[in-house]
Amino acid sequence: MKSQIEKLIKEALKNLNIEDVNFSIEHPEDFKNGDYSTNVAMVCAKGLKTNPKELAEKIIIELKGLPKQGFGGIEKVEIAGPGFINFYLSRDFFTSSVKDILEKGDDWGRNELLSGKKVMVEYTQPNPFKPFHIGHLMSNSIGESISRIMEFSGAKTIHANYQGDVGPHVAKAIYGLIKFGLTDSSKSVAEQAQYIGECYSKGSNLYDTDENAKEEIEVINKKVYDRSDVEINKIYDWGRKVTLEAFEEIYKILGTKFEYYFFESEMAVMGEKIVRENVGKVFDESDGAIVFHGEKYDPRLHTRVFINSKGLPTYESKEIGLTITKFEKENPDVSIVTTAIEQAEYMKVVQKALSIMHPDLESRMQHITHGMMRLASGKMSSRKGNVITGELLLRDSMDIVLEKVKDRELKDEEKKKISEVVGVAALKYSILRSSLGSNIIYDFEKSISFEGDSGPYLQYTTVRANSIISKAVKFNTDGKKEIPENVTDLEKFLYQFPEVVSYAYESLEPHHIATYLTLLASAFNTFYGNTQILAEENKYMAYHLDLVKSFYQTMKNGLWLLGIEVPEKM
RNA sequence: GCCCCUGUAGUUAAAUGGAUAUAACUGCGGACUUCUAAGCCGUUAUUGCAGGUUCGAUUCCUGCCGGGGGCACCA
């Protein structure tokens, strides 16, 4: 409909001998101002030195004179405010859009913007031997949603995770494990992983405060790299396995599946090789290290070390190895990395170095950054041990849900499933409801909500709709097939879904989906509140049921884009 | 010091250069007791400050102020 209106306006402008201009067509916030609105008259009036309202009149006359294709769905056109032209859609348009939603089903809202393209999205990036904290939860929720939005836009998506299984953090954890003892292997994977995280934190503190510990940790670090010590290898292999298994349990609850797991230990070799081959061309030697002088290419960039003076590759080199590996293995059209903003400046430098070596990759690397989760008391740091782990947060969230359903007549198994699905939704929504730029000051009470503007609100509303649909089979809709004259706000939001999806893709901002679904759910609840759908006297029952079904479908598709599941009951 | 992000009701957020800045939470009040009350209805703004561009600025530009991040061998 939007493109039809656009086409009509362009034709009208042509007939009036007005040059093509950049005008917009949007949905007015208030439905009183129509379903679509354009600023074309105001934009043109400037150049023509005429009154925008008079120009709008002329455009409308021209629009009405044009061949009708497109005008089928438009009931009336009006001029309002400073010169907006507002389009009001007809009852028929909304009725047929409901039908359209039901026909498209799970494909409703899809677009072809990335048709035939392959996209790799890297996200989550927790490190073995360190806790999975809420920052990882944030990266996971955002990365998962972005990959689903791209998939819904026609792309083949590949999910990748990158995990730091070597480096000083590993040595610190192993030092802690040696000093404070290993944990009981009869405990759950999650408990063992938590213990390893605690040892990391203690080891890290000792590294900063105790010279002897520092020396020992550096020795361990070297041994981890060259695998020269049998005892350390044993602890390393066990710790790596346990922490990775614990991550896997979390991914399962979160609903994420990765096709690729990249590890720093594997990327270091190739990265180092590439860097060394390009010394003198791209990289320079400086104080015994190999560096890249970013500022030579862009004043906003800076110098970073790629191979340190001990000859070991830094994270920067590993990132080069990783990126090249991704393109060698899958050759994606776009390679996206999702991380917190603290990596933004660093990534620009690395991507610049890569672009010089591979100019063709420059436009295919994309870094999406999000704000950081912070505690009211300051920055979280797993080194300091003041982290909130992913498990803890998930468990707290699920416990709240369990408490809410405890008196329901449901099996324990069902209650557990609901608490998982709803608990995760509450968390994910709290992350995905706002734009990616700003930080989230974490406060469980304030951050995780189960009422109004929340994940559970969206789920609850969807479940309500589903409940009507399943009860409807007992009703006969013969003689109840009239179409109501009035159009509800619900219908006025429903048909907009595909536009919201493509906008979310273009801006790479999942919160547009979240905001839209909340508006939609609210419109449904209003409708639900003042309409008794399953009532013998409801002569609109058939249409109302289609409307409920199309709402359910839209919510299901939209929540999928956020990585949120819809429970059967709640 | 330089660079990047950010600043909106008491709080947490939304707003593709547009119309009366939109919600939720909290507080107070209300309806139904019939399809799930995690619901519905009602009730609060100097968009950090000062300029500029524009018919029109929360949005774009400049400067200042506050918060966060980055700036050589951590990741």
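What follows is a talk about why some parts of this predicted model get the labels they do.

Trainee: What is chain A built from, and what does its C-alpha trace span?
Mentor: Chain A has 20 helices and 14 strands. Along the principal axes, its C-alpha trace spans about 85 × 65 × 40 Å. Of the 570 residues in chain A, 40% are buried.

Trainee: Why is Asp407 called exposed?
Mentor: Count the neighbours. Asp407 has 7 other C-beta atoms within 10 Å. The cut-off for exposed is 12 or fewer, so with 7 Asp407 is exposed. You'll find Asp407 in the loop between α13 (390-405) and α14 (412-432). Its C-alpha atom is 53 Å from that of Ile5, 402 residues apart along the chain.

Trainee: And what makes Asp453 partly exposed?
Mentor: Asp453 has 15 C-beta neighbours inside 10 Å. Exposed needs 12 or fewer and buried needs 20 or more, so 15 puts Asp453 in between, as partly exposed. This residue sits in the loop between α15 (444-447) and α16 (455-471).

Trainee: How do you know that Asn331 counts as exposed?
Mentor: Asn331 has 11 C-beta neighbours inside 10 Å. With the limit at 12 or fewer, Asn331 therefore counts as exposed. Its place is the loop between α11 (315-329) and β11 (334-340).

Trainee: What is the phi of Asn331, and why mention it?
Mentor: Phi of Asn331 is near 45°, a positive value in a residue other than glycine. It gets a mention because most residues other than glycine have a negative phi. Asp453 also has a positive phi, about 30°, although it is not a glycine.

Trainee: Why are α6 and α7 called roughly perpendicular?
Mentor: Helix α6 (residues 168-180) and helix α7 (residues 189-209) pack at an angle of about 100°, with their axes 7 Å apart. Angles of 65 to 115 degrees count as roughly perpendicular, so α6 and α7 get that label. Among the residues making the contact are His169, Tyr175 and Phe180 of α6, along with Ile196, Cys199 and Tyr207 of α7. By class, the contact has 8 nonpolar, 4 polar and 2 charged residues.

Trainee: How do you know that β3 and β4 pair?
Mentor: Strand β3 (residues 74-80) and strand β4 (residues 84-89) run antiparallel and are joined by 6 bridges. Pairing takes at least two bridges, so β3 and β4 pair. For one of the bridges, the partner of Val77 is Phe87 in β4. The hairpin of β3 and β4 has 3 residues between the strands, and there Gly81 takes a positive phi near 55°.

Trainee: What about β1 and β2?
Mentor: β1 and strand β2 (residues 36-38) are joined by 2 bridges. The requirement is at least two, so β1 and β2 pair. Ile25 has Thr38 of β2 as its bridge partner.

Trainee: What makes β1 and β3 the edges of the sheet?
Mentor: The open sheet has 4 strands in the order β1-β2-β4-β3, with antiparallel pairing. β1 (25-26) and β3 each have a single partner strand, so one side of each is left without a neighbour in the sheet. Helix α3 (residues 52-65) packs on the sheet, touching β3 and β4.

Trainee: Which residues are closest to RNA strand B?
Mentor: Of the 84 residues that surround RNA strand B, the closest are Ser37, Gly81, Asn308, Ser434 and Gly452. The residues of the surface near RNA strand B divide into 32 nonpolar, 35 polar and 17 charged.

Terms used
Residues numbered from 1 in each chain as written. Chains lettered and ligands numbered in written order. Predicted model: local features only at pLDDT ≥ 70, side-chain atom pairs only at ≥ 80, totals over all residues. Axes fitted to C-alpha atoms, helices over the stretch in contact; angles between N-to-C directions. Parallel < 35°, antiparallel > 145°, perpendicular 65-115°, else oblique. Contact = placed C-beta atoms within 7 Å. Nonpolar A, V, L, I, M, F, W, Y, C, P; charged D, E, K, R; others polar. Near = placed C-beta within 6 Å.
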